[in-house]
Structure formats: structure tokens, C-alpha cells
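I opened this notebook to record what I looked up, chain by chain and then where the chains meet. My entries follow the order in which I checked things.

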Amino acid sequence: MRLLIVEDDAPLASGLSRILEAEGHAVDVTERGEDAVLAASQEHFDLVILDIGLPRMDGFEVLRRLRAAEKPIPVLVLTARDATEDKVRGLDLGADDYMVKPFAMPELTARVRALLRRSQAHGGPRIVHGPLALDTVARRAYLRNEPLELAAREWAVLEVLLAKVEKIVSKEAIIQAVAGWGEDLSPNAIEVYVSRLRSKLEPAGIKIRTVRGFGYMLEEFKIAAH
Amino acid sequence: MPARSLRAHLLRMLLPPIAALLALGAVVAYYPSSEPTTEAYDTALVDIGIALGAHIQSASNEYRFELPAAVEQLLRTDRHDLIFFRVLSPIGVHIAGDLALPVPNSERQAYDGVVDGHKVRVVTVEAPCGGASCTVLVAETTNKRARAAREFLLTSMLPGLLIALATLLIVWFGVKRGLWPLTRLSEELKARSPRDLRPIDAAAVPEETRALVSALNGLLDELAHAARNQQRFLANAAHQLRTPLAGLQAHTELALAEPIPESCRVHLEQVHQATIRTARLANQLLALARAEPGARGESSDVNLRSVVEGEADSWVHQALARDVDLGFELEPAPVKGDAMLLREALANLVHNAIEYSSSGGHVTVRTGQRGGESFAEVEDDGPGIAPQERERVLERFYRVPGTPGTGSGLGLAIVREIAGRHGARMELGEGAGARGCRVALTFPHG
């Protein structure tokens, strides 16, 4: 994937680009907002990582211009400020995600992966999570390239969790996404579907964590050897 | 000269003019009205003179004056004054009466004179005697008149004195009453929290104190401004620290991913941990700056449940990293306050609970309502805080001796600061089954 980092702090920019390159991405770095707008208009990027506190044209303005362009590029906003106003403003202007400095690098790479996956899934029929692959058009699931049998409700729950890897999805949110109109689904029923999914996915190293009193979280797939 | 007491100052200013006015009033009232009194007394003397005149007998230039002893006695009998009289012939020859009474030397019919050393009032009456007119002089000492004058003076001055007294009383109590709004204002200021740097409502004070209030408001505004500047400085400093820290963190993580000698790795790990701690400290200082008195806070309707739900993701990851089971028991808990600060307070409590739990420990975050009051609490089954330490752990930078880990000792101080700002109670206790630690924040109703 091709990424553009817009960050005027040279050490941070170089650190980020090294880390993302290590993840297998092609990374371009610019420290000026104007250059970022220009680059994005002329070349294709899959994701922009944008610092808000830029000299001259600030991140909000860059974000506004990127959003005004024809094809929307996912934007991950970085900021040294955490005032709620900034956050709301950033998200209002169409930022896809928001991170407050300083952050742990694994968290950044996870968010980058999630954003890229979401933009690929958007319109793309295939969702991949480690050894798991979902063909959303044919509604077929594969685990380690073997067909995986999933009941309709299990499929629906898995889809919700896959859309938010590494994020807690509350039971209420799952019920809302899974239950049809006028249908009454109890939290207990969700537990049943999740436990069935677990028994099918855990042997392949895919973990669904229970967050007590809240909901579930599909963990980032990690290669077991690590 | 500074007037120590407004009241004394006012009285000092009012007394001399009031006294002068009183004196002037007495004089002005006395003289015009003393004339009719004198005239009345004079008329009485004239009457006596006429009566005496009737006793003059004349026969061919011979004049005789016969007064029966009883009549004379009656005439001379007066409780207060001595009466003198003298009868003179038309050519001024003494006929009868008191020789001590001098012959008049002017044409005036009433005048002041002296008889035997007594001050007297003398009237002259012309009495017909044999075709001509004899002169009867009647004199009277002035005791009655002086007394009447004194009485008159007193009665005419009394209302004036009463008015003066009333004025002084009005000043005495009026000053107190007039200054009442100031007293109330000072009570109000005394009752103010030191965090409250809002201007005083100028509409609630009397016109005359507006200048004072606006000066006070100016001072308050400057104070608030200075406090805001300090907050801004602290916030900017913390913000400025974040970008280089992010860079530092990125590079230490990169370096740690490289194949490096084990001896180097140990040091690099230390650097990395220190970076993370410093980043956290910067965040905490920022939170403290925001929670401190004078900081401009936003107050809105906040549901503690939503605050927890919004942060659950990042907390769960912290918990997973330390192999701690983080659970939630969330019910609606509406409060009024600053969402950012409340989030910071809860984040600190959760961070502490996770930090001091051992691997496999349990941390539970609860929100809800108890007895109509909203609360949020965090409970763990870690080592807990000994009762004798519970007060001290709230101090800034204090850490219980022998505590493992690398906390700054700011976390609970921040929570206390934020709780205080929201008027919330902060209670430290034991967790379920007398194990671990439970910190509860209870927010007052409304």
C-alpha cells in the first residue's frame, strides 16, 4: 500500500516511515501541508497520516482540501493536542481516525491496518483476517483456504467483529447489527453465537476476547510463533 | 487623611453646621417674638400707671396723691418682681412714690433703667390732673421677663434640638444600613471558592459601589487572565513535549526491533520505558493544569457511562498488555461537568488499578446511581492501600514506600483535584472480600 505521511517533526516522520515501511508499505513523507495537497491530487495514495500542527497550512485545512477532492483518501489524524474540540473538528472534517501523540507504535500500525482494510473492504468483496477470508458476495467463508461452515447469525456476528478489529463491540451493538426488524434477540443468544464462532476460529489462532460486562473484541491476528 | 470610620467622619462633618444652624435658628426665632412679650408686660405696667393716675387729686396747682395702704400693698405684691412707682406733677415735681425711680430723660414711653441696683423696665403714663397732665412712672424688675424669655428660648429651640438629635441618629443607623449592600458583598466574596474568578454582578450592588465593584472585577479579570496564561503555558509545554516524545518512542521501538546485542537491548528497554513514563507524566501535568483553580472549564451534561464506554477500548488494551481482566458494570450515571477532566480522572483510576494488579488480576469499572447520586468506581484485587496510607496517597508525587512499578505519584492527586472541581466525594477503600482497592467518586445530586 502507498502511504503519505504529513509531519513536520523530522525524527517522528522518519520513525513512522521506517516502521510503516517495515510493515511492507511504500511511504512518502512531506513536512508541508501545501505539498501534501498537491501530491494527493497528482498521485494515488491509499492512506494519509496527517499531523494537525503543521506550519502555514494546518492539518485541518489540508484535511478539508483532501475531502474536497474527487476520490476520498482515508486520513489518520495525528495531534499533540487532545482538546475535545480538535477531535470533534477533525472527525467532522472527515478524518477516519484520530491519534493523540505520543502513541505506541503497535497501536498506530494496527489502526493503519484497520483503515486500509476498511477502505479495501469498502466495495471490495473479500475480507481477510489472518487465515480467515470472507467472500461477502458469495457469502462463503474460508479458513486456511478450507471452506468454513457458518450459520447466518454467526456470519453476521463475525462481520460486525471483523469491521472493528481490536475494538470492543458492545453486545447491544451486535444485537442491533444482527437482529432483524421487530426481532428480539437476547444478550444470551449473542453469547451462544460467539462461543460457536470461537470453537470454529480459535484452532486457527483467531481470538475473540470477552470484555466482561461490555462486549467482545476480535484480536489482531498474531502469528503464533511470535 | 484617611477616615477610619465613615460614620465618625460623617458625624464630624455634620455636627458643626447643625450646631450653627441651631444657634442661628434660636436667634432668629427669639428676637421677633420677644417683642410682643415685652409689649404685653409693658401694657400691664401701663394699666397700673393708669390706675395710679386716678388717685391724683389737684386743686389750683396743688397736687396730692393719696393711695390707701391696702391698695398700695396689693399693688406692690408680686411673686417675682419688685414694683416701683412715682408720680410727677406736670412740671416734673415729685408728688409721691419712690424717689429712687429716676425721672425720665427721654420722650420714650417705655425704657430700661436701674433702681437700687435692680434692672428695671419703666413705663410712663400721662394722667389728667386739673387741666394739665401729671406723669406716673411705673417700674418693675425684669425677673418675670427674663424668665419668660428663657422659657421662650427653650421652647423655640427644643424642636431644633430634637431635629438635630434625629439627624445624628439617622446618620448613625443610616450609615450602617446604607453600607449593608457592601457588607453583603463582602460576605459573598468571603464565601467564594478560590477557583471562582467570575466577575461580581454589578447589577446587584448599589449605584454608589459600582466603581468599587468594577475595580474588583478588573482585578478578578486580571487574576483569571494570569491563571489562564499559566494554564496555557503549562498546556503548551505539555503539548510541545508530545511530538518529540512520539518521535523518541518511534525510534526506540524501531531500535528494539533491530538485531542488537543483549547488553544494548537492556539499556534501550530502559530508555523506552522512560519515554512512555515521560509521555504519561506530560499528560498528567496537562490534566492537572486543566483541573487547577482558575482553569477555564467546560460544564455540560456528561454521562459517566458514556465516558467509560468511550475509553474502554484503550483501557482494555492496557489491561491485556498486563494480562489483567478488565470488566465493566455500567448503568447510566448523569453528572454535570467537564467531560475531558472526568475522562482523565477515570483513566487515572483504571491505569492505577491495572498497574498495581498482578498478572491474572481483575479490575472492574462501575458507573450508576446510588441514593440518587451518580457514581463511578474502580475496583481491583491487587495489594490495596493500607488505611494509614490512604490520606497520603492523594498528595502529589507521593508513592507508598516499596511500591513496585514506575508511577509518578500524580495519578490520585489528579483524581482528587478533578473530583474537588466537580464537588464529588472521593473515597478510598477495600475491594470486595476485603481485598485490593476500591476508589469511588460520588457526585452530588444535580
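**Entry 1, overall make-up.** I note at the outset that this is a predicted model. In chain A I found eight helices and twelve strands, while chain B has nine helices and 14 strands. I then looked up burial, and buried residues account for 32% of the 226 residues in chain A and for 29% of the 446 residues in chain B. For contacts between residues at least 6 apart in sequence, I noted that 56% of those in chain A join residues at least 24 apart, and that the corresponding share in chain B is 66%.

**Entry 2, where the chains touch.** I looked up the contacts between the chains and found 23 residues of chain B in contact with 21 residues of chain A. Which elements of chain B each supply at least two residues of the side that touches chain A? They are α5 (210–257), α7 (304–321), β9 (325–330) and α8 (339–355), and the largest share, twelve residues, comes from α5(B). Sorted by class, this side of chain B has twelve nonpolar, six polar and five charged residues.

The axes of α7(B) and α8(B) come within 10 Å and cross at roughly 35°, and the crossing is right-handed. On the α7(B) side I listed B:L304, B:V307, B:V308, B:E311, B:W315, B:Q318 and B:A319, which meet B:A339, B:L342, B:R343, B:L346, B:A347, B:V350, B:H351 and B:I354 in α8(B). The classes in this contact are eleven nonpolar, two polar and two charged residues.

I also checked α8(B) by itself: its 17 residues reach 24 Å from the first C-alpha to the last, close to the 24 Å expected at 1.5 Å a residue. Because 14 of its 17 residues are buried, α8(B) is largely enclosed by the rest of the structure.

In chain A I looked up the pair formed by α2 (residues 33–42) and α3 (residues 59–68), whose axes come within 9 Å and cross at roughly 15°. Angles under 35 degrees count as roughly parallel, so α2(A) is roughly parallel to α3(A). I recorded this crossing, too, as right-handed. The contact is made by A:G33, A:A36, A:V37 and A:A40 of α2(A) together with A:G59, A:E61, A:V62, A:R65 and A:L66 of α3(A), and these residues divide into five nonpolar, two polar and two charged.

Where does the peptide bond from A:K101 to A:P102 fall, cis or trans? The bond is cis, with omega near -15°, and A:P102 lies in the loop between β5 (97–100) and α5 (105–121) of chain A.

For A:E166, which is not a glycine, I noted a positive phi of about 70°; this residue is in the loop between α6 (152–163) and β10 (168–170) of chain A. A:E166 counts as partly exposed because it has 19 C-beta neighbours inside 10 Å.

B:D323 is exposed, with 12 other C-beta atoms within 10 Å.

Terms used. Residues numbered from 1 in each chain as written. Chains lettered and ligands numbered in written order. Predicted model: local features only at pLDDT ≥ 70, side-chain atom pairs only at ≥ 80, totals over all residues. Helix = DSSP H or I, 4+ residues; strand = E, 2+ residues; numbered from the N terminus. Buried ≥ 20, exposed ≤ 12 C-beta atoms within 10 Å, placed from the backbone. Contact = placed C-beta atoms within 7 Å. Nonpolar A, V, L, I, M, F, W, Y, C, P; charged D, E, K, R; others polar. Axes fitted to C-alpha atoms, helices over the stretch in contact; angles between N-to-C directions. Left-handed = near helix turned anticlockwise from the far one by under 90°. Expected span 1.5 Å × (residues − 1). Parallel < 35°, antiparallel > 145°, perpendicular 65-115°, else oblique.
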